[in-house]
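Thanks for asking me to look this one over. Here are my notes, point by point, to read beside the model.

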Amino acid sequence: MKIIKPKYDQHNGDTFRELVDLWVENGFCEVEYQNVKNVWLNDYGDVLLYDRPTLEWYGGQNYNFALFGNTVPNLPKSSPWIFWGRRPRLMEKIKEERQSWGDRNIESIFLGKVENNVQLGKRTEVDWSKNIELFSMPIRGEYKYNQKEYLKLLTKSKFGLCLSGYGPKCNREIELLCMGVVPIITPLVDLTFYNPLEENKHYITAANPEEVKEKINNITKEKWEEMSNNGIKWYEENCSIEGSFNTTIEILKKNYDRIRQ
């Protein structure tokens, strides 16, 4: 199987592009670089693997089939897909350090920042720092922690706040699930995946900052362990190196006839 990556692009090479590198290293596919704007499977114009946060880079391109990771439009011959963390390679290493309930000494966590006006509007309308034990969100400043430090802190945390990013999804949801942290999903966060997550099985919700503590206090140790394990299982089946590849192939196999029409 061949993945086509853009030859000239301002993408940092992380997120899905890094995940593709891991697919290659594990022998799942090969990569070819072409003068294209997006990532494709098989050939340009065949299967669009849309990995951008919004539809700004879409441009109404023609395709036989399309998978959308973040913004999922209602378009013919398309499907919701998977999603990914910021640094998939690092996540796969640090997930081995996941802690049990008793060793997670951070009750709740949110580490991020505001990089643009879209995030500013979404993340500062209300003060989500209330009732979050470890909260850091500099506005157009530097991250307080690097990626390695951030992921290691997740392995020590029980619950993680999720706020919408530039797109309706954020890498954070996948990073939390990978590390066994139970996500707290807030308004504006999108959970449209090919294999859906379920409330109170994989995550809890909070409509406002005041609900955060209330929801956390209602989760027993046994319930948290169940939800944490469910989240890890979902991550492994959908977003790990092998799981993300297998889910992608599963979607395409189920839509094979539609792709070739």
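1. The protein chain has nine helices and eleven strands, where helices (H or I, at least four residues) and strands (E, at least two) are DSSP runs numbered from the N terminus. Its radius of gyration is 18 Å, close to the 18 Å from the globule rule for 261 residues, so the chain is as compact as a globular protein of that length. That radius is taken over C-alpha atoms, and the rule is 2.2 Å times the number of residues to the power 0.38. Along the principal axes, the C-alpha atoms fill a box of roughly 50 × 35 × 30 Å.

2. A word on the basis: this is a predicted model, in which local features need pLDDT of at least 70 and side-chain atom pairs count only at pLDDT 80 or more, while totals for chains, interfaces and linings use all residues. Residues are numbered from 1 along each chain as its sequence is written, and side-chain values use heavy atoms, with hydrogens and water left out.

3. Of the 261 residues, 52% count as buried, meaning under 20% relative accessible area (1.4 Å probe, protein chains only). Among contacts (heavy atoms within 4.5 Å) with a separation of 6 or more, 65% come from residues 24 or more positions apart.

4. Leaving aside neighbours within four places in sequence, W23 is in contact with I3, F16, F28, C29, I241, S244, F245 and T248.

5. Do have a look at Y235, in helix α7 (residues 221–238). This tyrosine counts as buried because its relative accessibility is 2%. Beyond neighbours within four places in sequence, Y235 contacts M91, E92, K95, R98, I174, L177, C178 and S240. The C-alpha atoms of Y235 and W84 are 9.4 Å apart, although 151 residues separate the two along the chain.

6. Is T54 buried or exposed? With 15% relative accessibility, T54 counts as buried, and its place is in the loop between β4 (47–50) and β5 (65–68). Setting aside neighbours within four places in sequence, T54 is in contact with T71, Y166 and G167.

Terms used
Buried means under 20% relative accessible area, exposed over 50%, partly exposed in between (1.4 Å probe, protein chains only).
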